[in-house]
Amino acid sequence: MTSGFLAAINILTKPLNEASVRDAQSSHQEALLAVLRANRSLLLEQLQSESSFEEVKKLREEVMSAAEWFSRDTEDATWGFVQECLLLLLTLARHISNELKLFNQKSSSVAKNQTPEFAPPLPPDVLSVTQQKTLRAALQFVVSLGLCPYLASGVGVPLSCRSAFGAMVDKLVRGGVVSAGGRRLLTTTNVLLQLAELSSLATLVFTQHLGDVMAALCQLGYQPHRVERGGTEEEEMQELSAEERRTCREALKSLLGKVYQPIVIKQLLILQGGPRQSGAAGSSSGSGSRAALGSAPAWLRRLCGQLLSERLMQPSGVQAVVRAILEGGTGGESDWRKCDGVARILVACPQQSTSADSYYRQVCPQILELLHFRDKLAAQQFQRVATRAALSMVQEKPSFARPYLLTPLLQPLHRCNSASNESRDRAAVEEWELTRCVEDVYKIWVVGNSPSASLLKALEEVLPVIFTLFCFTKQNVSHLRATCQDILLWYLSHTEASEALSTLRQLSGLQGQKNETSDFYFAPGSDGGARFDSRDNCSDEDDALYEKLSGEQWRLECLLHLLAELKDSDLPGDFFLELLQELTSWTAAADEVQKDEEELDVSTMTLLEVEQEVLGRAVRQSQRLALLQVLAVMVENLQHNMLLRKPTQVVDFIVTLVQRACVGLDQVTEPSLENPIESQTLSMGMGLVATLLSGPELGAEDYSSMSRLLSPLETLSQKHPDVVVQELASNLRAVIATHGAYRPEDLAAAAAAAAAQASRKPETAVKNNNVSSRKKPKIKTEGSDSGTSPRSSPLDRNTPSDTHITHPVSSAASAAGKTTQAGRTSVPRSSTKPLSDWLLEACDPEVPNRVFALRVLTQMVQSGNPEVVRSQEKVLVLFLENLEHEDSFIYLSAIQGLAALADSYPERILERLLTDFQRGPSLPTSDKERSLETRLKVGEVLMRASRAMGELAPHLGRPLVGVFLQGTRDSDQSVRASSLSNLGELCQRLDYALGPLAQELSSCLTALIKTEKEAEVRRAAVHVIALLLRGLSNKTTQVLSDVLLDLYRALKWVLRSDPDEVTVLHAQLALEELDGVMRRFIFPEQRLEKKIVVLP
């Protein structure tokens, strides 16, 4: 059966043998014609003589009798060969159709008797690989010889552009004049469409020759009919009738609807050709004009454009267009260009569309659907096209993009917004809707990254909802957290500064009404997202109030988290300065604030007026509290280099401080009523101005930005009750006004004096003000002296006027712990006071006085003062007492003093310190509850003492090693870590004295590394090994020869097994030290030197 028909086709399409080629091959064209004639003759001969072809012959006769197009006496060898191919293909199709009918009849009856275990019978239209190969060869001959040569110039891809063999075939067929080209093209096309009615044959036809069939149908159905003058009657008879042309158009429409749409669109784009070329469109059917692919005729270009528009506007048309253009891409630069090209196609409304509104209404939803593909291979390109198309549409067609693109995209977020403002009966937003919406916003706004006014405006409307969702995700584990954060940061980074500040005020609760109520809330979703749902009202008012306040506090923390991410932006500083400016304006409106605090007189007011007044007061007070809360949280959580990032922002900050101080001057009539906090703030601001003016190379722009300080500084110099502040304000104003030409001496010192005066108690400041007012002519001189001898008399209580000027500088210098020239020259003058006075000063309750006294005592110990040598027990007890103080300035000064004592008198002092480190503080007044903290401070003293031992470490360090090794077994992890840290500092200075202790030290360290549960202690143990190797350096192989392998194995064990990353990092550093040691040991440095050995 089917094999006989395929055998006949194989005879017709098989290549010629070599002997025949040698006889007939005078040229390629003659050889091809010889093959076609020989194969056709051989087929007709075997059909007559071979009995196996009886059924083929019989069915062929039936098909031939029904084929009106068949001509027996044709003189064209190629068309005769094509006719035989078409007859055999139709014969095969009829045979398969008959077999399928019989198979379907038998299968219905056999299926009733078969059990489920039996395999279903194979249908007769299933062809083997060899049979499919034979059919493809026959179809290729049909298309190459009977279809492509009869296409008009510019219709389809010419054979000459496909291969060298195709060029030869095209030349062969077009070598003679063909008058019936249209009729032959119609015949071939109709036969191919008849074959395509069988699914098995349709696959073979359309897989390779869909474009050729479409080109033929386009030409047959739509090519303009032109009757040339002088045409013969035979040529006029060969022209297609109107019915035939209509049939071809219907066939093309049916074909385009059945085939996979991306393939159809791809073939239509090929048929449409490239850009027009001069001289190609109007040329005749000569082969020279067909070499260019872009020379499609105008009627074909219009037809393909119309068909492409129809494909685009049908359901899923956008997806089909994208797949047709982008399938098979590699993701390179060419794909980016393709995506941009597809986006431009989607944005441009085709001419065939009835109206632009209907086109965009149909296309925009399909563009949004491109964002939702889950296929990883296609999703990236689809999203790229959708993003580019959306951005282009927003820029070029904003009137259509708003209702048909942005509004549907943001609809879930708008529903969240409207649901919180309307009744509770609105439907909740499901998790998948919210997730898809947020992801789409991220793809178009953030990934697209093409800010425009329309995009920013649309995003601004839903930004509060996104921020609320971000706050929710910060409290839970959600995959939407990073997406929401990136959206918010993108908006704040790309919008105008004024809009960004307004948005920040809205998100912080300072502007507008909050969009959220307690009726709706974000709840965790089942897939890691969030859903917007309603909830029952809280019956307890206290719980509701607590939930509201905690929610507002959490929103502020989330907002500051966003501001902290804007590291390269001036927005946090601008927002901070705007809030300070608002605070200043409220300070100026003190009368209104005082009025709100007074009791309301309702005797002359109506009930409505009373209600309005009470509500107004509540709103104003809530706004003030919200402003203070936002400022407090910003100052507490954001670093100063983010709040005041630029010099202009620093100047704005100072202007705000000084203006607020000027406003306060009108409200304070007596010095006793002055607010000490405001005085400190003002002094800090003026000190900051002085520091800026003292900086090198200030330019004209800097002085220009500071010119806004001239007016408030003048007000301070005239109205401030403090004479020092008046003098400093006058000096600063003079420096700014003259652009640095006038610069008084010790400007910074005078500013520090004003700051320190403000930090003292209010009554002390008042007393000093009274004294200084009597000595106004001497203030500038004393300020200058304070710069050269700042510690001359800060602690002398008998000279309050000097204290007023010089004490602040000394306290600032001592608190910062800086060794300046002034600090070094103050010792001889301070040493004139007896030791008893300094001991009393060291017990002063004022922190600056005590710190300065401790520093002076430390210098006296270092200089070997005889009084200190005689009273070293008192000095030791004094330092130990101050060591337990909670102020860092005091106990750090005590640590320095104890380290100096241990360096000067090591035998006695170290013994006392080691006892306190092991057993806790030994003073009777010691606080036992703070024993651990004191032990750690003593450990710091011992570490400094170890560093100061130098070459005496082998002699003095042996007791310390024992105590530190015992400390590694302490119950507290901090003491164990401190002991190990001190042990590392000491051991790297012991050199060869470490040899007898190496085994004990190695056992301790390896045991801690492998058994200690606290990561902090393991870090310290590994760090000890690193310090040990670093200190011994080239002596490592001699001192640690017995334990070096154990230490190496312990470090490798840390790299493999320790879960703590910091410990692993310390181990890597230690191994690098060990690697350097061993490299120097194995490969010593080559030195060009000679050794002379004197023999005995």
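Reader: How many salt bridges does the count come to?

Author: This is a predicted model, in which local features need pLDDT of at least 70 and side-chain atom pairs count only at pLDDT 80 or more, while totals for chains, interfaces and linings use all residues. Residues are numbered from 1 along each chain as its sequence is written, and side-chain values use heavy atoms, with hydrogens and water left out. Side chains of opposite charge can pair when their charged atoms come close. A salt bridge is a side-chain nitrogen of Lys or Arg within 4 Å of a carboxyl oxygen of Asp or Glu. By this rule the count is 24 salt bridges.

Reader: Which helices hold Arg 94 and Glu 62?

Author: A helix here is a DSSP run of H or I with at least four residues, numbered from the N terminus. Arg 94 and Glu 62 form a salt bridge, with 3.9 Å between the closest N and O atoms. This pair links distant parts of the chain, since Arg 94 is in helix H5 (residues 77-113) and Glu 62 in helix H4 (residues 54-66), 32 residues apart. Buried means under 20% relative accessible area, exposed over 50%, and partly exposed in between (1.4 Å probe, protein chains only). Arg 94 is partly exposed at 34%, and Glu 62 is partly exposed at 36%.

Reader: What separates Arg 944 and Glu 940 along their helix?

Author: About one helical turn lies between Arg 944 and Glu 940, because they are four residues apart in helix H45 (residues 931-949). Their side chains form a salt bridge at 3.1 Å, N to O. Arg 944 is partly exposed at 28%, as is Glu 940 at 27%.

Reader: Is Asp 1060 buried or exposed?

Author: Asp 1060 counts as buried, at 14% relative accessibility. Its side chain meets that of Arg 1019 in a salt bridge of 2.8 Å, N to O. Asp 1060 lies in the loop between helix H52 (1044-1057) and H53, and Arg 1019 in helix H50 (residues 1015-1032), so the pair ties together parts 41 residues apart in sequence. Arg 1019 is partly exposed at 29%.

Reader: Which residues are linked in a network of salt bridges?

Author: The network links Arg 40, Arg 60, Glu 61 and Glu 84.

Key. Helices (H or I, at least four residues) and strands (E, at least two) are DSSP runs, numbered from the N terminus.
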